Amino acid sequence: MTEPTTPDHATPCIIGIDLGTTNSLVAYCDAAGPRILPSPDGQRILPSVVRLSPDTGEAEAIGDEARRHAVEFPTQTIYSSKRLMGRAAADLGDEQGRLAYEVVEGEQDTARVKVGRHVLAPQQIAAMILTELRRWAEAALGHPVRKAVVTVPAYFDDAQRQATRDAGRIAGLQIVRIVNEPTAAALAYGLGIRQLRDDNKGRATPLVKRAEGSVSLSTKVNPEACNDPQSQTTSGDAGRSNAQTVAVFDLGGGTFDVSILRLEQTKDGSIDQVIATAGDTHLGGDDVDQMIVNLIQREVSERFFAGEAIEFPPATRQAFRHFAEAAKMRLSTEDSTELVIDLGDGREYQRTLKRDEFEEMIGPWLSRALACCERALRDARLEPSQIDRVVMVGGSTRIPAVQEGVRKLFAREPYTALNPDEVVALGAAVQGSILAGVNRGMLLLDVIPLSLGIETMGGAVSKLIVANQTIPARATEMFSTYAEGQTNVKIHVLQGERELVKDCRSLGEFDLRGIPPMPAGLPKIEVTFLVDANGILSVQAVEQRSGRRASIQVVPHHGLTREEVDRMEADSYAHAREDMAQHRLIDLKMNAQLDIRHIRKQLERVADQLDPAYRERVLRHVAEVEGFIEQGDAADGDAFAAALTAMDHATVRLAELNITQTLKGE
């Protein structure tokens, strides 16, 4: 990624801010695409928490520092102040009783925060958070920042939106645009900006035929599959091919909302309209944490206190919550997790929480969220099949059961390529770049700028989609395992024109787990790459014998300028000969090691049928090939290949003996 450049007067700097209830972020978009701007110490997310001084009414701590010590300063620590923005104190109702700090009625019956003798408007609290984010941005960009795009929930009314603008003004920021959070999430993916292609565009060109010695078992290309059904317009949009209907599923820590958007590009610019919204202000990841906490407390009580109701001290409750949150996060990537808690006095709570049990536990919680989606669809008078895109926002959408529930409800793969915690801020930055006139050519791609592939054994790259294919594009290849009894396979997705992993750009990785243990080379793992009309790459791996599958979404062009793409292409030409030579050596080494492994097994199996002279000849060939393996990068590729071929010819009789023994059932 290139370093940010100081914009000139003709290109004003406009940052994007997600001013969240729980967390806030700041982002910036230039020719390299949108990116989160971290704090000087590398922090990417700022908790929306402020500790106020009772003496001065000013901020003593903002973010992590304030949140860590909230128990010590409960009445001075202000959190969830976004819920007070533009609202009357009387409107809070029961919500006020759940706040540890004091909320009073201010001018014009508005809700205010009271700490000591100081009374502050929620806008002032928000301004403190915005000021901190502005400080982060100025440190990251290296120049002053005066303008920002700020996001708000779609349901915010005029008073709440004006309060957001006021907060920006207090923080010394000109809020040039207020953007709905679901619209920002759509913008981050480039939805609604370009017209959808007609049916005759976007077909993928055939893949280049692979060189001899490729590690893949076979290659299959289906150009017709490149017409991704998700990239076509709905029947209700006939005649309006540039319109899209997008559902934004926003499940955070404390709240959930779903918005149905109509996004359209006209000659006068882009238009977005919120057709329907639904949600639950008390439904989020915190509820999942509490379910696990309840499970732990119940079982601790049963095991160590004969089932009596126990009032656990604050420190213990905090430990339970910590373990619960960690367990929830692990179960998003693992099939099970261990809970081990030292209760003191020689008592230790320990149990395994499996993903199946976890998903059964959260079933009713997930059903509430999906019911909101169904309600929003009814209000919008739409069927799930009429939704073109589903965008996932909020950290709780990382839970696999949530993604699967959304996938089934809308009958399409949801967008998960961007970090769900960051997608709204990234979208705000995209809007800022549009208003600033920044070149957005790298955000929305018509062709694949650099080849896409996966890592194979030995650090080589197997390319599935080659550079300059039009999008949407799709390619599938078959792979297998290298180790005996291998049950997990890591899929490492790469971008670039070079032949080795070390020279390419990593886009992400995921694990295909639960493969039945089989001999090396027997599992059939089908890897599919699909780049849709918005430049989102989906990678899926399926083990065909067991049906086990896993997938990931990434943005393959994110963070690259046109100049960087050109440089990477030039490097591939400059190093083509040496790269191909190294790739060939890697393939020869991998194939040789597999062959030698099989030869040694065969020698052992039919040892009593071999004359010593033939056995000695086979072992000499094996030793010669092993010598080339030991030479590594210094090996002569032609000589290595010749030695491998000679070993293959020398072991034909050995293979025949093994086949004969197999047919006899021995």
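This is a predicted model: local features need pLDDT of at least 70, side-chain atom pairs count only at pLDDT 80 or more; totals for chains, interfaces and linings use all residues.
**Notebook: cavities and rings**

I picked the second largest cavity and got a volume of about 60 Å³. Which residues line the second largest cavity? I listed Leu-19, Gly-20, Thr-21, Ser-48, Ser-81, Lys-82, Met-85, Ala-126 and Ile-129. Sorted by class, that lining comes out as four nonpolar, four polar and one charged residues.

Next, the aromatics. How many aromatic pairs does a search of the whole structure find? I got four. I noted details for two of them, starting with Phe-249 and Phe-256: the ring centres are 4.7 Å apart and the planes sit at 55°, so I logged this pair as tilted. I checked burial too, and both Phe-249 and Phe-256 are buried.

Then I turned to Phe-628 and Phe-640, a stacked pair with 5.4 Å from centre to centre and 15° between the planes. Where do the two partners sit? I found Phe-628 in helix 13 (residues 612–631) and Phe-640 in helix 14 (residues 637–650), 12 residues apart. Phe-628 is buried, and Phe-640 is buried as well.

Last entry: charges over rings. I have Arg-51 over the face of Phe-73, at 4.6 Å from the ring centre. I also have Arg-653, whose charged end sits over the Tyr-614 ring, 4.7 Å from its centre.

Terms used: Residues are numbered from 1 along each chain as its sequence is written. Side-chain values use heavy atoms; hydrogens and water are left out. Rings of Phe, Tyr and Trp (its six-membered ring) pair if their centres lie within 6.5 Å; planes under 30 degrees apart count as stacked, over 60 as edge-to-face and the rest as tilted. Buried means under 20% relative accessible area, exposed over 50%, partly exposed in between (1.4 Å probe, protein chains only). Helices (H or I, at least four residues) and strands (E, at least two) are DSSP runs, numbered from the N terminus. A charge sits over a ring if NZ of Lys or CZ of Arg is within 6 Å of the ring centre and within 35 degrees of the ring normal. On a 1 Å grid over the protein atoms alone, a cavity is a set of points where a 1.4 Å probe fits but cannot get out, and a pocket is an open set with protein on both sides within 12 Å along at least five of seven lines; lining residues have an atom within 4 Å of a point. Grid points are joined across faces, edges and corners, and a volume is the space filled by probe spheres set on the points. Ala, Val, Leu, Ile, Met, Phe, Trp, Tyr, Cys and Pro count as nonpolar, Asp, Glu, Lys and Arg as charged, and the others, Gly among them, as polar.
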